[in-house]
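Subject: Structure for your review

Dear colleague,

Please find below the structure that I am handing over to you. My notes on what was found in it follow directly after.

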Amino acid sequence: MSNDFNQESRELVIGLDAGGTRTRAVLAAAADGRVLGEGAAGPGNALTVPLPRLTDHLAEALARAVPESARGRVGAVAGGFAGATGVAEDDPGRLNALTALTAALRRLGITTGSIGISSDIEAAFASAPGTPADGLALVAGTGAVAMRITDRRCTATVDGDGWLLGDDGSGFWIGREAVRAALRMADGRGGPTALAGAVGRTLNLPREVLPGGRGPGAPPAGPGASHGGPGPGVTLGSPGPDAAPTAVAGDGPVTWSLADREAYRRHLLPVVMAEPPTRLARLAPLVAEAAREKDPVAGAILDEAAGQLTDTVRALAPQSGERVVATGGLLGPGGPLTALLTTRLQALGLTLDWVADGCAGSVALARLLL
């Protein structure tokens with residue numbers, strides 16, 4: 001087949017969803033969007049992944065989605081990229097995405113006359129039924145951000161400021177709150193919560209330092225324990241750092257000695273600090289599980305997270321009746337914040353419309369390019 005672009009022979013399109021965790025590519029029929037092939041590879045954030053690696057990840061995902069025999073029939077490619085959040089065409093994220101995608105397509109011999117670059121959130125918004133052009137988009141996964149979309153482009157952004165400055169109500173935020181609740185229980189500032197044991201087990205802390213880990217009558221752990229252990233267990237709300245609070249374990253309340261609480265802190269802090277901060281997002285399911293078991297501390301964390309996301313949406317000055325297209329694991333079917341946020345948004349006259357990711361939107365945007 002000639003390399004000259006022949007519109008009539010280009011009956012295929014490619015949609016890409018390049019996020020902070022993985023890159024997905026979908027090959028689809030241009031006529032009806034029917035999926036014909038899929039592939040996945042590593043992270044595709046256009047700002048944080050170096051260009052050579054970004055190109056490799058895109059090429060890998062594309063190679064898995066598009067058979068060699070079909071590569072000459074691709075008429076348009078559209079990619080939604082994390083990090084490509086600027087409106088201007090000279091936005092660094094958009095430029096990096098275009099450079100890497102062009103190189104990946106060239107490497108595979110995919111020649112196409114149309115390449116579209118959008119943010120992963122713009123692509124997710126376009127994934128909603130009817131491929132909407134205007135409305136509000138909300139992402140609540142590892143991070144959290146809301147955008148106003150006008151004519152399929154972001155025109156206003158709220159939050160998405162990263163783990164250090166923002167991402168309020170995100171999976172990272174929930175995971176961090178779980179660790180804080182565990183530390184506050186251990187140092188005497190917070191009440192009993194199952195999160196202390198759950199966080200410790202997930203991070204592979206020694207069993208003996210966990211709440212109830214030593215069992216009744218076991219000697220306290222840690223240096224200086226022979227100089228006298230803490231007093232008996234006390235009820236919730238008893239003051240003083242020397243008190244041994246009644247902790248919560250799988251088989252009910254147990255006493256957590258002062259020495260073991262100190263050892264818990266000494267083990268927990270280095271483990272948390274040694275990992276990238278956003279890894280705390282993996283602790284969010286622990287909070288959801290504890291909340292289902294009626295742990296009040298976990299329930300309060302989820303309630304506050306839903307409130308934070310509501311504030312993020314409210315900052316976009318939504319009009320009653322506007323659709324809010326949401327994506328991210330916290331808001332999907334059965335997601336820990338779905339019911340809480342839905343109730344709050346309904347009070348604002350808004351309806352939550354969840355999509356799995358931006359692949360369907362990218363395919364739709366690629367078809368529009370034709």
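Helices (H or I, at least four residues) and strands (E, at least two) are taken here as DSSP runs, numbered from the N terminus. Please note that this is a predicted model, in which local features need pLDDT of at least 70 and side-chain atom pairs count only at pLDDT 80 or more, whereas totals for chains, interfaces and linings use all residues. Residues are numbered from 1 along each chain as its sequence is written, and side-chain values use heavy atoms, with hydrogens and water left out.

Overall features

The protein has eleven helices and 13 strands. Of its 370 residues, 51% count as buried; buried means under 20% relative accessible area, exposed over 50%, and partly exposed in between (1.4 Å probe, protein chains only). Among the contacts with a separation of 6 or more, 66% are between residues 24 or more positions apart, contact meaning heavy atoms within 4.5 Å.

Salt bridges

The structure holds 18 salt bridges, each defined as a side-chain nitrogen of Lys or Arg within 4 Å of a carboxyl oxygen of Asp or Glu. Glutamate 60 is partly exposed at a relative accessible area of 32%, while arginine 64 is exposed at 52%.

In helix α5 (residues 171-187), glutamate 177 and arginine 180 are three residues apart, again about one turn of the helix. Their side chains meet in a salt bridge of 3.3 Å, N to O. Glutamate 177 is buried, with a relative accessible area of 13%, and arginine 180 is partly exposed, at 42%.

A further salt bridge joins arginine 323 and aspartate 353, with the closest N and O atoms 2.8 Å apart. Arginine 323 belongs to strand β12 (residues 323-327) and aspartate 353 to strand β13 (residues 351-354), so the pair ties together parts that are 30 residues apart in sequence. Arginine 323 is partly exposed, at 28% relative accessibility.

A buried aspartate

Aspartate 17 lies in strand β1 (residues 12-18). Leaving out residues up to four places away in sequence, its contacts include Arg22, Arg24, Asp120 and Asp357.

Helix α9 (residues 296-314) has 19 residues and reaches 27 Å from its first C-alpha to its last, close to the 27 Å expected at 1.5 Å a residue; the expected span is 1.5 Å times one less than the number of residues. Its buried residues include Ile301, Leu302, Leu309 and Val313.

In the loop between α9 and β12 is alanine 317, which has a positive phi of about 50° although it is not a glycine. Alanine 317 is partly exposed, with a relative accessible area of 48%. Aspartate 159, in strand β8 (residues 153-159), also has a positive phi, near 65°. Aspartate 159 is buried, at 14% relative accessibility.

Yours sincerely
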